[in-house]
Amino acid sequence: MNPTKWRFQYRMMLITSLLLLVTLLLAGLLIAQSQANQTRESLEQQAMLSATHLAVNPLVISALVSDEPNAELSEIAARLREDNDLLYIVIMDMDGIRLTHPTAEQVGERFVGDDVHAVLANGDRYTSEEVGTLGPSMRAFHPVMNEENQIGAISVGISTQRIEDSIFQSQQIVFIATGVSMLIGAAGAYLLALRLKRTLHNLEPEAIAQRLKEREAMLESVQEGVIATDNEGTIIVMNEAAIHALEKDHVGKPLNDVWPKFPISEPLWHDRKVLDDLQVFQDTQMITNRIPVKVGNDTVGALVTFRNRNELDKALERLSGVEHYAQALRFQTHEFMNKLHVIGAMVHTKSFEELREYVDYLSDQYNAGINEIATYVKDITLAGYVANQIDRLEKADVNVTLSGNGGWPILTEPRHIDRWITIIGNALNNAYEAMIGQEQKRMTLSFAASNDQLVFEVQDNGKGFDTSQLPDLLKSGVSTNGAHRGFGLTIMTRAVEQAGGTYAFTSSKGEGTTLTITMPAEVKEDHR
């Protein structure tokens, strides 16, 4: 089974247990090694201490001076060996001849082992390991002195098996403690993993990572600036829109330092939502929302969203363009319903002759309008829209004249038609507003096409304006009652710029205005 597929709880327990196992084993081995060294040193000291005590014993010195075995000395050596669980105690002269030995037959024989030479030749005190007549052992050697002269040596041996048994006994508690610690650690790892699992709301790390990626994607997909703060008002999260709006990444800084006039205290300390509130960052007006973030009954931070008011105004402008188109459709629907009512009344009264004449009139009127527009605009959708706009203007006592050359072709995509509807609708609306108050209202519309360019021109005899004010009028984007200003003008010029086109105004106060718009045309073949 692939460990990466295990549940987080089991993976956490396994990893923690393995870390604990390795740590305890390493610590246990080091402690066991230390215990082994200490046990070995303790036994070496015990053997050396026994040899040291015998080296100054008068019986030992007397026996070496006389160079004869002594029964009493052998008895003392045997008792000392048994009391201290020693393998042997050997007293030897300067030639290495044994005066005592656990095996009587070995008394009078030469000491076995190359490690005896240093004590006899140099009088050294030391320990070594060697194999003798009684098997492998750890040996302690000590010289025996008579005043200033060495008269012999003592060797005390401890069985290697006893050393190993002692080491095992000293290490046994370490191994038991290590095993118990591992069991306790495994239980603790399980409880820790269980607690972490609950803290993470029973989510697996992969699910948490996925949710984090989704959260980041959602934050970056939002056009509004999004800021999250902790309960002290310090910024902990910013999306790209917020970084762009506030000029750089401010994560880790208090929001009041970044945005001094922002009232972050309201959601944090009063648990109150504040929606669609106007705040100013530097010189930019922002529409903000402030919402407290709560975990249980505690406020742990706040979520702040904001957007440049100008961007919202632009969105409203685009919506107003759609509304303008919708109003035109509603006007057409109203007119159509009126005509249906008239036709229905004629059918009800059986005025069939008048009905025929009325239908012929409507047909001639529609064909005349469409046919006239079709001379300049071949796209049936756009031509119908222009015809309806002209009909609306004429009912408002505006004398509309059409002109042009080349004729506009059928447009490629619906978005091109929508863009021209926005431009033409707002241009005609602005021109009509400029003529309000004039006794005679005259408007000339021109449609021309050349070199993959479409040219639309509208000329009115309205009040006109000073073209030097045009940059300010376009920048303001605020609806007023003046000529050629407000949302309509901003919507129109922005649509032109987005399509890669150009616009030009020719105007002066009291002399009317001419607007010329040139945009690239993407056309499809006319099969009609």
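Author: Let us begin with pairing, since two strands are said to pair if DSSP finds at least two bridges between them. Please keep in mind throughout that this is a predicted model.

Reader: What makes β13 and β14 a pair, and in which sense do they run?

Author: β13 and β14 are joined over 6 bridges, and the definition asks for at least two, so the two strands count as paired. Their sense is antiparallel, and as one example of a bridge, the partner of Ser 507 in β14 is Thr 513. The two strands also form a hairpin with 5 residues between them, and in the turn Gly 510 has a positive phi of about 80°.

Reader: What is the order of the strands in the open sheet, and why are β10 and β13 said to stand at its edges?

Author: The sheet has 5 strands in the order β10-β11-β12-β14-β13. β10 (398-405) and β13 (502-507) each have a single partner strand, so one side of each is left without a neighbour in the sheet. From one strand to the next, the twist averages 15°.

Reader: What makes the pairing in this sheet mixed?

Author: Strands of a sheet can pair either parallel or antiparallel, and this sheet has mixed pairing. β10 and β11 (residues 441-450) run parallel and are joined by 8 bridges, with Ser 446 in β11 as the bridge partner of Ser 403. β12 and β14, by contrast, pair in the antiparallel sense over 8 bridges, and there Glu 457 has Thr 516 in β14 as its bridge partner.

Reader: How do you know which residues of α2 and α3 meet, and of what class are they?

Author: Contact means heavy atoms within 4.5 Å, and in this sense Leu 59, Val 60 and Ala 63 in α2 meet Glu 72, Leu 73 and Ile 76 in α3. By class, the contact has 5 nonpolar, no polar and 1 charged residues; Glu counts as charged, so Glu 72 is the charged one.

Technical notes. Residues are numbered from 1 along each chain as its sequence is written. This is a predicted model: local features need pLDDT of at least 70, side-chain atom pairs count only at pLDDT 80 or more; totals for chains, interfaces and linings use all residues. Side-chain values use heavy atoms; hydrogens and water are left out. Helices (H or I, at least four residues) and strands (E, at least two) are DSSP runs, numbered from the N terminus. Axes are lines fitted to C-alpha atoms, for helices over the stretch in contact, and angles run from 0 to 180 degrees between N-to-C directions.
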